[in-house]
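Trainee: Please take a close look at the pockets and cavities of this model. What lines them, and where does the lining come from?

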Amino acid sequence: MQPGFEPHDNQAEIARLQAVYQLQREAYGREPYPDAVLRRDRLGWLRHMLTKHGDEIAAAISADFGHRSAHETRTLEIFPSLAGIDHMLGKLRKWMKPQRRGVSIWFMPASNMVIPQPLGVVGVIVPWNYPLFLAVGPLTAALAAGNRAVVKMSEFTPRFGETFRRLIAEYFDEDEVCVINGGVEVAQAFAGMPWDHLLFTGSTSVGKQVMRAASDNLTPVTLELGGKSPTVVAPDYAIATAAERILHGKCLNAGQTCVAPDYVFVKRGQEAAFVEAARAVVQRWYPNLPANPDYTAVVNGRHLARLQSYLDDAAEKGAQIITLADNDPASGKLAPTLVLNVNDGMRVMQDEIFGPILPVLTYERLDEAIDYINAHPRPLALYYFDYDAHRIKRMLGQTISGGVGLNETVMHVGQDDLPFGGVGPSGMGHYHGREGFETFSKMKPVFAQSRINGVWLLRPPYGKRVEQLLKLMLR
Ligand code: NAD
């Protein structure tokens, strides 16, 4: 908990959660299928809330972080939230329409369709690193699909949690959307509620607990988790360009990004050039880094100590630590730091880093990098810097990850027409765009028999007629 902030009364918040869940369930019973006008209306209010209260939102998040660049809150949280809403507003009517599906010759002239239907009351659990976007993104999909939603904010962003609760209460009735705050105890109670769908964003370890809790109710889950996202630079790629794009993805939100490049592979012999190019961009972007408003702080002392312990551990085990700008412990910030000569015995190569530390590994043959990636848990993102179509095809075909960025980092998350989600330990299920709408809908298949049809031919008693038909069917 940040100093100077009153912790929530967890028991009171759990009671509120249960009451609001009941309210939403009753409201769902009264109105199980909101029409497109109402859904668009709700998305419109969400949009309006974001455009009107952007500064307040940025200030609250910054207070929780110690310092969060207001530009980053606008570009990485408010902008993608608005773009996601606009995409939904544009596509919603089309996606709500029943889809005609084919019927095999044996069932003609019956017809098939798939009807998207709201699931009902859904839960969303939000982490601290992008507390607005990771609340509004799932909420956009849930509302577009016609659901009611309860959103649980992280205990690490209590000021923003309160701001968001107040704003949502201003723009929505409690039986439409409601925000719950509080600590882990509240989060555990939240995960155990019988939601019609639960979308969790957070760490892989907590994701396992959430799935366990949800299994008691057989609540379907979407798990948006983390992991170590690898980056590989092809042998002949312009190293300065790669360094600039990789460091950009690493420095946004001070590396506290689920899809931040976690470590980078360069061709052996190019480490020094990479280090120099990385140093040059960091010096150019963040002069006087500790006081520079464009560089974000580490969210709290616990995480700062965790990151420092990775560096101490790596240094103790023989790694070379290269700090790319000045550090001032009083600032709550950690300057971007490269780590060379790493191995898997170091914690920096075991845990998801989730901060501005970038281990630099080398390969002699590209296959070594591919083999390393495949020998580790399936990552949320993979970044590959190359323009050679043959090698790109090989990288895409021989590795598996939640998503891929070619010649760029992080930006794939902002593509409204691409699904977003991990694979295996980095998550399950998708949202954003159409996949988000479908995640929060029951895509209900409906088979409609015609007045005149041939199914009677298959009814008992099973004699010659059925035998002859089966001969045709089983050919
Ligand atoms: P976290 O897992 O510690 O917490 C996430 C949320 O879960 C918080 O709201 C917390 O209150 C709640 N929680 C904690 N214990 C719980 C429990 N036992 N049962 C139910 N809920 C519980 O994660 P964090 O530190 O807030 O966020 C960082 C992690 O999230 C990183 O691993 C990062 O990669 C991941 N992440 C993933 C994405 C994505 O979209 N895939 C996005 C952002 C962050």
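Mentor: What follows takes the pockets and then the cavities.

This is a predicted model, in which local features need pLDDT of at least 70 and side-chain atom pairs count only at pLDDT 80 or more, while totals for chains, interfaces and linings use all residues. Residues are numbered from 1 along each chain as its sequence is written, and side-chain values use heavy atoms, with hydrogens and water left out.

Two or more lining residues come from each of helix H7 (184-191), strand E6 (197-201), helix H8 (204-215) and helix H11 (301-316); helices (H or I, at least four residues) and strands (E, at least two) are DSSP runs numbered from the N terminus. H8 gives the most, seven residues. By class, 17 lining residues are nonpolar, twelve polar and seven charged, with Ala, Val, Leu, Ile, Met, Phe, Trp, Tyr, Cys and Pro as nonpolar, Asp, Glu, Lys and Arg as charged, and the others, Gly among them, as polar. Domain 1 (10-225 + 427-445) and domain 2 (230-421) each supply at least three of the lining residues; the bounds come from an automatic or database domain assignment.

The second largest pocket holds about 390 Å³. Its lining has 19 residues, with Leu-76, Pro-80, Val-410, Val-413 and Gly-414 closest to the centre. H4 and H5 are the elements that give two or more residues, and H4 has the largest share, four residues. This lining has 14 nonpolar, five polar and no charged residues. Both domains give residues to the lining, so the second largest pocket lies between them.

There are also three cavities of 30 Å³ or more in the whole structure; a cavity is a set of points where a 1.4 Å probe fits but cannot get out. The largest cavity has a volume of about 160 Å³ and is lined by 16 residues, with Pro-80, Gly-84, Gly-137, Asp-416 and His-432 nearest its centre. Helix H4 (70-96) and helix H5 (133-144) are the elements that give two or more residues to this cavity's lining. Seven of the lining residues are nonpolar, eight polar and one charged.

Notes: On a 1 Å grid over the protein atoms alone, a cavity is a set of points where a 1.4 Å probe fits but cannot get out, and a pocket is an open set with protein on both sides within 12 Å along at least five of seven lines; lining residues have an atom within 4 Å of a point. Grid points are joined across faces, edges and corners, and a volume is the space filled by probe spheres set on the points.
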